[in-house]
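Thank you all for making time this morning. I would like to walk you through a few local features of one model, and I will say as I go how each term is defined.

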Amino acid sequence: MPDSSPIDLAHAAAWRGIALGQTREQVAELMAAQGVEVAAYSERCLTATSDDDWEMEFVFSTDGSERLRQVSIEGGDLRWNGQPLMDARLDDALRAFQPHGPALWTNYDAVADPLLDESDEMTVGTPADETLLEEGTVWLPERGLGLVICEGQVFGVLRRAPKDLPKHYVGPVTDAQRELSRRPDLEDHLRETRQERHHVEAPRKPFALVRTLLTVAALVALGLIVKSGLESTRQWAQADTLQGRLVAIEQVPMKQFRDFLPPAMRWIFPRGREVIVEAYRVAYTAPDGRPGEVLLERGELYVPPAGLDAEVPIAYVDSNPPRVKGLSRARDAAFIEHVPLAIGVGVLYLAAQFLLSVFPSLVKVIGRLARGTRQDSEVRS
């Protein structure tokens, strides 16, 4: 197991024997020899995690050579010539590196986005001091080092060869920025400026109008369903009771929940396992003398018929076409026919609200994946 002594980055050996230019295989072997677990989360990266709470990430070229281009380390007891680095304020960290030559900003986390400086997605102009201190990377080109800054403090340190240093910077580290990093209330100050900036730039309630329209539409639909259910209850309460005659017993698939929905909504609920049940074909004569037949499930009747030609009482509603049910089903017809419809409307409403809530995040994820694919393609070319 690796020891728990401080990692002094001023000395090459303290980088766990890792040197820029080594191959992916060499890095993996060095880590394995020290008992450090290594995982590959992408084509161009390896990540090593230690029990001592530090994590090293290795970024390799994708031109076939698998050359180590960047090595970074986060967590643990990081130092530079004995001076602590992790969670050190920007000004304190730069003092530890003196003399360090020019210190230059890039406006992103170079560990999370190691190849962003090779793309066209750099911020145009110079970001505000607070924006850079919230998240950015300070580069010391003469030393080949970068300091990842988060909330004004060092979050990680990385190393690159001169030819792999960023091609673009957004500006030098200024005295004002170093002084700002020393503020005792820096965390509160950055939070306040971030809230002010987001208040102007970001909508407070995205899709608020769409959400409102969805809610109104759902309430109107439920109101119409309730109205239709009450009308159905009234019709079946006033239905004629006829005496039909059993003419055949058939084997049919039992109705499923989705069968009580309109065809356009049945896709919401998947079809379950088919169950075959007995059904009774009943012939009857309508009050106006017209003959008819209806197929009734066992659950539609209080008492199943004893045999063929047995009398079967049924409920008849004169409509176009006529509606016929067993007496048991007629009593509960409004509930059975309208509750599934109300549930379907509710499911659609919740699904739409969920999609609206995740849509902004989904767009960001797709954008990041597209950006990563484009960067990999650019590196290969």
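Predicted model: local features only at pLDDT ≥ 70, side-chain atom pairs only at ≥ 80, totals over all residues.

Residues are numbered from 1 along each chain as its sequence is written, and side-chain values use heavy atoms, with hydrogens and water left out.

The buried residues of H1 are Arg24, Val27 and Met31, where buried means under 20% relative accessible area, exposed over 50%, and partly exposed in between, with a 1.4 Å probe and protein chains only. Those three cover an arc of only 65° around the axis, which puts them on the same side of H1; the arc is that of the directions from the helix axis to the C-beta atoms. On the other side of H1, Glu25, Ala32 and Ala33 are exposed. After H1 comes glycine 35, with a positive phi near 75°.

Turning to strand S16, residues 311-317, we find that 5 of its 7 residues are buried, so S16 is largely enclosed by the rest of the structure. Strands count as paired if DSSP finds at least two bridges between them. S16 runs antiparallel to strand S13, residues 240-253, with 6 bridges joining them, and it also runs antiparallel to strand S17, residues 323-326, through 4 bridges. Tyrosine 316 in S16 is the bridge partner of aspartate 240, and tyrosine 316 also stands opposite valine 324 in S17. S16 and S17 form a hairpin, with 5 residues between them.

Now, which side chain of opposite charge is nearest to aspartate 8? It is arginine 79, 6.8 Å away, and aspartate 8 is buried yet has no salt bridge, meaning a side-chain nitrogen of Lys or Arg within 4 Å of a carboxyl oxygen of Asp or Glu. The side chain of aspartate 8 does reach the backbone nitrogen of alanine 10 at 3.1 Å, and that of asparagine 81 at 3.0 Å.

Finally, isoleucine 343 lies in helix H8, residues 333-380, and at 37% relative accessibility it counts as partly exposed.

Notes: Helix = DSSP H or I, 4+ residues; strand = E, 2+ residues; numbered from the N terminus. Lys, Arg positive; Asp, Glu negative; His and termini not counted. Polar contact = N/O pair within 3.5 Å; in protein donor to acceptor, adjacent residues only side chain to side chain.
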